[in-house]
Amino acid sequence: MNQHTRLQQSPIPFIDVAAQRRRLGGAVDNAVARVLAHCQFVNGPEVHAFESELAAFCGARHAIGCASGTDALLLVLMAWEIRPGDAVICPSFTYHATAEMVALLGATPIIADVLPDTFNLDPASCERAVATAKRLGLKPRAVIPVDLFGLPANHGAIADIAEKHGLKILDDAAQGFGASYRGRKLGTFGAATATSFFPAKPLGCYGDGGAVLTDDDVLAARVKSIRLHGEGVDRSEAARIGITGRLDTIQAAILIEKLKIFPDEIAARDRIAARYSRALADVAIVPRVGNEFTSVWAQYTVKVKPDRRDVLAADLKAQGIPTAIYYTRPLHRQPAYRDFPIAEGGVPVSEQLSREVISLPMHAYLEPPVQDRIIGAVRSSLAH
Ligand SMILES: *Cc1c(COP(=O)(O)O)cnc(C)c1O
């Protein structure tokens, strides 16, 4: 087998966590060893150090580390006392964790549609969802825009609607953290932002983790208390109902090292996405990033004709190239969510996207020859 054939056939990982591990190996090993030496596995000094670095990175006043992106959403919703009878607007085209904590608290997610070009919350549908909530006798309390696939939602338009209807904004930046809108990084839009450090997210740790970002001092204090069993003035006081929602010290130590190379990785992802888009724009609908936006490319997702998608996935798979479909089932089609109300006007765009989207391998260490192999395979599958 010559070298060319080997390159053609070796399987490509969808997200190569190991490549980053090779780059950061020594630094991360040393960071973990330091924690193993001081033994402060919970609430160690690395947690506070990471929180300040994360806040500085995105320009938020407070960064509060927690156990997952889902906990980050929960902590904020609990701090706002979201409860049965309340409605929280969520886009249909997202990972279902966006709406999960709303439902867990007994409140009602109102499912809104997204825009066909950005896949993010459609401000007009968000406004119709407010009307839907009121018609059902629910109190519209909050909206959770998602920065899907790494691209910020239209935070300007969403803020206008939120202000008009008295909604709080909780930005779900699990996929978009590191991206910016109008020159400001995510973490500073809305009243609070939740992000995730799940390993496959743009800024991932080596396990589970997440963070809440906010400029609101009162909210930050409440979130910190809820994260720690509702701790009050001291450890012996339970001021409110809380959870065990902390980020552990080892993950914080790893994240400190990963945050150092994050800007460099974002730039690499952006170069790779630009290369994909130049090479594929004539055979598929490639992502569009507006002037006021930057993306961190959690996914590189194109749209193809529904009847070509399965063939494309199979053609690539036969050549060792994985693809993923986010999301084959939008929120309103999930068994656990299909009984929740849908905004007036329905969610036709989410329906359509679920038939058209397909994501290609994307990570900061995707070498040009591997990318060329992916591009070539996509082009030859879609060309006939
Ligand atoms: C991953 C993800 C979450 C949940 O994050 P976890 O850390 O896995 O709990 C929430 N919302 C969106 C949009 C996500 O992609």
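Salt bridges in a predicted model

Q: Which residue's side chain meets that of R83 in a salt bridge?
A: In this predicted model, the R83 side chain takes part in a salt bridge with an N to O distance of 4.0 Å. R83 itself has a relative accessibility of 45% and counts as partly exposed. The partner of R83 is E81.

Q: How many residues apart are R288 and D117?
A: The side chains of R288 and D117 meet in a salt bridge, at 3.0 Å from N to O. R288 sits in the loop between α9 (249-280) and β10 (300-303), while D117 sits in the loop between β3 (108-112) and α6 (123-135). The pair therefore links distant parts of the chain, and both R288 at 49% and D117 at 35% are partly exposed. The separation is 171 residues.

Q: Which parts of the chain does the salt bridge between E292 and R182 tie together?
A: The closest N and O atoms of E292 and R182 are 3.0 Å apart. The two residues are 110 residues apart in sequence, so the pair ties together separate parts: the loop between α9 and β10, which holds E292, and the loop between β6 (180-181) and β7 (184-185), which holds R182.

Q: Which residues do salt bridges that share partners join into one network?
A: A search of the whole structure finds 17 salt bridges. Salt bridges that share partners join R34, E257 and K260.

Terms used
Residues are numbered from 1 along each chain as its sequence is written. This is a predicted model: local features need pLDDT of at least 70, side-chain atom pairs count only at pLDDT 80 or more; totals for chains, interfaces and linings use all residues. Side-chain values use heavy atoms; hydrogens and water are left out. Buried means under 20% relative accessible area, exposed over 50%, partly exposed in between (1.4 Å probe, protein chains only). Helices (H or I, at least four residues) and strands (E, at least two) are DSSP runs, numbered from the N terminus.
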